[in-house]
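Subject: Structure for you to look at

Hello,

Here is the structure I said I would pass on, with the sequence alongside. My notes on what turned up in it follow below.

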Amino acid sequence: QLQLVESGGGLVQPGGSARLSCAASGGTLDYYYMGWFRQAPGKEREGVSCISSSGSRTTYADAVKGRFTISRDNAKNTLYLQMNSLKFEDTAVYYCATVRGLACVPGDYWGQGTQVTVSS
């Protein structure tokens, strides 16, 4: 069973940056396409960014394009999300998950989530 654990969330000022990590155990991460999702209070979960197994292909939601960068280090069994120029509307719980292709269709495995709060 693949286990995913997110870290790196916290309180960030508007315009600031944060780097989220998703560490995998119990399986080989390079077998999976991976994605980041987020859910803000009172809103539905939305896909943020997804990445192919090798890391050569990525996709981003329009709301984060140009500000966020997804990457992975398969040797370390870890997925990352670099978030720059953060806005109030980026406040949410961020989850990593396995996905089916770059369309970001959720797969079987999810992390517990990490809270990102953008506030001044």
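Predicted model: local features only at pLDDT ≥ 70, side-chain atom pairs only at ≥ 80, totals over all residues.

T78 belongs to strand β8. With a relative accessible area of 10%, T78 is buried, since the cut-off for that term is under 20%. The T78 side chain also comes to 2.9 Å from the backbone oxygen of K76.

The sheet around β8

Strand β8 covers residues 78-83 and runs antiparallel to β3, the two being joined by six bridges. One of the pairs across them is R19 with Q82, the latter in β8. Both strands sit in an open sheet of four, ordered β1-β3-β8-β7 and paired antiparallel. Its edges are β1 (3-7) and β7 (68-73); each has a single partner strand, so one side of each has no neighbour in the sheet. On average, neighbouring strands here are turned by 15° against each other, ignoring direction.

Disulfides

The link between C22 and C96 is right-handed, with 60° about the S-S bond. C22 is in strand β3 (residues 18-25) and C96 in strand β9 (residues 92-100), so this pair ties together parts of the chain that are 74 residues apart in sequence. Both C22 and C96 are buried.

The other disulfide joins C50 to C104, with an S to S distance of 1.8 Å. Here too distant parts of the chain are linked: C50 is in strand β5 (residues 46-51), while C104 is in the loop between β9 and β10 (105-110), 54 residues apart. C50 has a relative accessible area of 0% and is buried. C104 counts as buried as well, because its relative accessibility is 14% and the limit is under 20%.

That makes two disulfides in total. With the bonded cysteines of the protein chain numbered in sequence order, the pairing reads 1-3, 2-4.

Strand β4 (residues 33-39) is antiparallel to β5 over five bridges, and R38 has E46 in β5 as its bridge partner. Six residues lie between the strands in the β4 and β5 hairpin, where G42 takes a positive phi near 75°.

Strand β6 (residues 58-60) is antiparallel to β5 over three bridges. Opposite C50 stands T59 of β6. β5 and β6 make a hairpin with six residues between them, and G55 in its turn has a positive phi of about 90°.

Strand β11

What does β11 pair with? Strand β2 (residues 10-12) pairs with β11 in the parallel sense over three bridges, with L11 and T117 as bridge partners. β9 and β11 are joined by three bridges and run antiparallel; Y94 stands opposite T114 of β11.

In a regular strand, side chains alternate between the two faces of the sheet. β11 has a covered face made of T114, V116 and V118, and an uncovered one made of Q115 and T117.

Nonpolar cores

The largest nonpolar core contains 26 residues, and the ones with the most contacts inside it are L4, W36, F68, L79, L81, M83 and Y94. Two or more residues come from each of β3, β4, β5, β7, β8, β9 and β11 (114-118). Of these, β3 contributes the most, at four residues.

Leaving out neighbours within four places in sequence, L4 touches C22, A23, A24, L29, M34, C96, A97, T98, Y109, W110, G111 and Q112.

C104 is the cysteine bonded to C50.

Regards

Technical notes:
Residues numbered from 1 in each chain as written. Heavy atoms only, no water. Disulfide = S-S within 2.5 Å. Buried < 20%, exposed > 50% of the residue type's maximum accessible area, 1.4 Å probe, protein only. Pairing = 2+ DSSP bridges. Axes fitted to C-alpha atoms, helices over the stretch in contact; angles between N-to-C directions. Polar contact = N/O pair within 3.5 Å; in protein donor to acceptor, adjacent residues only side chain to side chain. Core = buried A, V, L, I, M, F, W, Y, C linked by side-chain atoms within 4.5 Å. Contact = heavy atoms within 4.5 Å.
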